[in-house]
Amino acid sequence: MADAHATPHHDYHLVNPSPWPLVASIATTIMMIGAVVWMKGLVSGDAGPVAAMFAKGHPAVFFAGLAGVLVSMFGWWADVIKESRAGDHTPVVSIGLRYGMMLFIASEVMFFVAFFWVFFEMSIFNEARAHIPEVGAWADTAKAWTNADGSSLWPPRGIETLDAWQLPLLNTVILLLSGTTVTWAHHALAHGDRNATKIGLIITVALGVLFTSVQAYEYHHIIHEHLFFNEAAANSGLYGSIFFMATGFHGFHVLVGTIFLTVCLLRLLAGQFTPEKHFGFEAAAWYWHFVDVVWLFLFAFVYVTFG
């Protein structure tokens, strides 16, 4: 009988049984149910302590699911790192990893395309729907984005937009600078300069944290000044929804990218990256550049052109 643990005579990696796909699926389901419970509630809280957990406004279920998702992410990616350290990521496997990262970023591009689509639909073409009675509630919403002569109105009635040349411009400079530092770090690693790689990564992570801090301050300013929430802006809250969805999800991606790069920094300090083998860092750099490009579109259109 052949030895089950013998070295395979092929370039592919047959993954060992893992609990993480199942655990992550269960945790994600709990987290999504918890989000609905938190925002809408499922049952009355009068039926006892268990039912109270599923009453409106209780975040416990959501955070329990989120904790499961975070544990799954940590365990799953730790196993992938162990596989890489064990030599399982052959050149053929590495090609598959690269294709997987490319497809993931492509799916993220489509995610933001949906937000830009509805933004342009309402800001440019709303007059084409404001006079169609069949669309019902859409007509009421579109009227807030339309002048009396039927032409597009921007910004919508009652909406006070942000000044693009203050905090948004600052965050643009921060992200563009972080794009140069992560490229510097990647170039230095490819040439074996570990000290320059470390410095470049530390600066990039710091800039990511600074971007998140500035955006948090910006959101605080928006809510404090009641921008997008003016009572005179009846049926025009779609702009605020688009703004927070697009910029908020981008901010979440910046946070994920910052964590991604922080892990790469820790792996670099542990000596796990070499000039020949560092796809983990390369994937993080790709993701960070994607975040940069998305922000340029947000700044150009949501803040400047239509701001």
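The model is predicted, so to speak of local features we need pLDDT of at least 70, with side-chain atom pairs counted only at pLDDT 80 or more, while totals for chains, interfaces and linings use all residues. Residues are numbered from 1 along each chain as its sequence is written, and side-chain values use heavy atoms, with hydrogens and water left out.

I start with the second largest pocket. A pocket here is an open set of points on a 1 Å grid over the protein atoms alone, where a 1.4 Å probe fits, with protein on both sides within 12 Å along at least five of seven lines; lining residues have an atom within 4 Å of a point. Its volume is about 160 Å³, meaning the space filled by probe spheres set on the points, which are joined across faces, edges and corners. The lining includes Phe112, Phe116, Val293 and Phe297. Helices α4 (91-125) and α10 (279-305) each give two or more residues to it, a helix being a DSSP run of H or I of at least four residues, numbered from the N terminus. The most comes from α4, with five residues.

Now Ser72, in helix α3 (residues 60-85). Ser72 counts as buried because its relative accessibility is 1%, where buried is under 20%, exposed over 50% and partly exposed in between, with a 1.4 Å probe and protein chains only. Leaving out residues up to four places away in sequence, Ser72 touches Trp20, Val23 and Ala24, contact being heavy atoms within 4.5 Å.

Last, His221 sits in helix α8 (residues 194-224). At 32% relative accessibility, His221 is partly exposed.
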